Amino acid sequence: MEISFAGKRALVTGAGKGIGRATALALARCGAKVTAVTRTQADLNTLVQECESITPVCVDLADWGSTEAAIQDVGPIDLLVNNAACANLQPFLEVTPDQFDQSFSVNVKAVLHVSQIVARGMKARGSGGSIVNVSSQASQCALRDHAVYCSTKGALDMLTKVMALELGPHQIRVNSVNPTVVMTEMGRLGWSDPEKSKTMTSRIPLGRFAEVEDVVNSILFLLSDKSNMTNGVTLPVDGGFLAC
Ligand code: NDP
């Protein structure tokens, strides 16, 4: 299936590393004009070295005011990927208010905020658009030490559905991808221990974790007009984990 984003303008958050970085590069390869948002300038420098058509924006998405200032002037956006997130893992009884607030600020509040800014522009132009939120299998299945992370992703799934409901009439589609473990920096944090990873892979019918490209391909599909009638779905990219 050939997907072209020629003439489209895309914004990807958390584009410095992992899934977000690969998504930004894939969108650029498919012809989109990409704005890459993340908080570490060094990552943006190497990203632009790798693909000089990408426009870098450095901001900490946990900061509402700085995000407003940074995103407001990026220009019209047709495709938005809300990918940035943090995973602060700790046992339920040890969760602190700071970890809770930091996680919800980035994983949920920033998604709402960036989407508001982008969707207001889409609505005003009347040109429609597509938004993909990067959620997780953790939104729908309890995982040890993931109380806050699971809660943020559960909230994100509902945010996706309400956005789909309210933005649909403006021809703005909103969907999420819900991957299983991917061995990025974040994935290694939680799943490097061979015992833990063996237990997890044994619960995935396909018997393996997802590759970054597995997730990127699903994101591209949901952004593209190949999924024109798909709105408000939470698409597992999990080898069947959530089906069992
Ligand atoms: P990585 O940790 O590899 O990359 C996350 C990116 O987001 C980094 O560039 C990071 O920047 C950026 N980021 C984080 N916080 C902020 C912030 N406050 N402001 C701006 N940028 C920020 O994660 P993944 O690629 O693995 O994860 C991408 C998405 O996929 C996330 O939503 C995650 O929850 C989801 N996911 C990941 C899974 C996995 O196993 N890896 C499984 C299921 C879902 P910096 O490094 O500078 O902090």
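Leaving aside its neighbours within four places in sequence, with which residues is Ala36 in contact? Two residues are taken to be in contact if their C-beta atoms, placed from the backbone, lie within 7 Å. On this basis, Ala36 contacts Val12, Ala15, Ala24, Leu44, Leu47, Ile54, Thr55, Pro56 and Val57. The structure is a predicted model, in which local features need pLDDT of at least 70, side-chain atom pairs count only at pLDDT 80 or more, and totals for chains, interfaces and linings use all residues. Residues are numbered from 1 along each chain as its sequence is written.

A residue is buried if 20 or more other C-beta atoms lie within 10 Å of its own, exposed if 12 or fewer, and partly exposed in between, with C-beta atoms placed from the backbone. Helices (H or I, at least four residues) and strands (E, at least two) are DSSP runs, numbered from the N terminus.

Thr35 lies in strand β2 (residues 33–38) and counts as buried because 21 C-beta neighbours fall inside 10 Å. Leaving aside neighbours within four places in sequence, Thr35 is in contact with Leu11, Thr55, Val57 and Val74. The C-alpha atoms of Thr35 and Ile54 are 5.8 Å apart, although 19 residues separate the two in sequence.

Helix α1 (18–29) and helix α6 (185–191) each supply at least two residues of the shell around the ligand. The ligand is surrounded by 27 residues, of which Gly14, Gly16, Gly18, Ala85 and Thr184 are the closest; a residue is near a molecule if its C-beta atom, placed from the backbone, lies within 6 Å of it. Ile19 is found in helix α1 and is buried, with 27 other C-beta atoms within 10 Å. Beyond its neighbours within four places in sequence, Ile19 contacts Asn83, Val134, Val182, Thr184, Val212, Val215 and Val216.

Val215 and Val216 are also among the buried residues of α8, together with Ser218, Ile219, Leu220, Leu222 and Leu223. The cover over these buried residues includes α1, β4 (79–82), β5 (129–134), β6 (172–179) and β7 (234–237).
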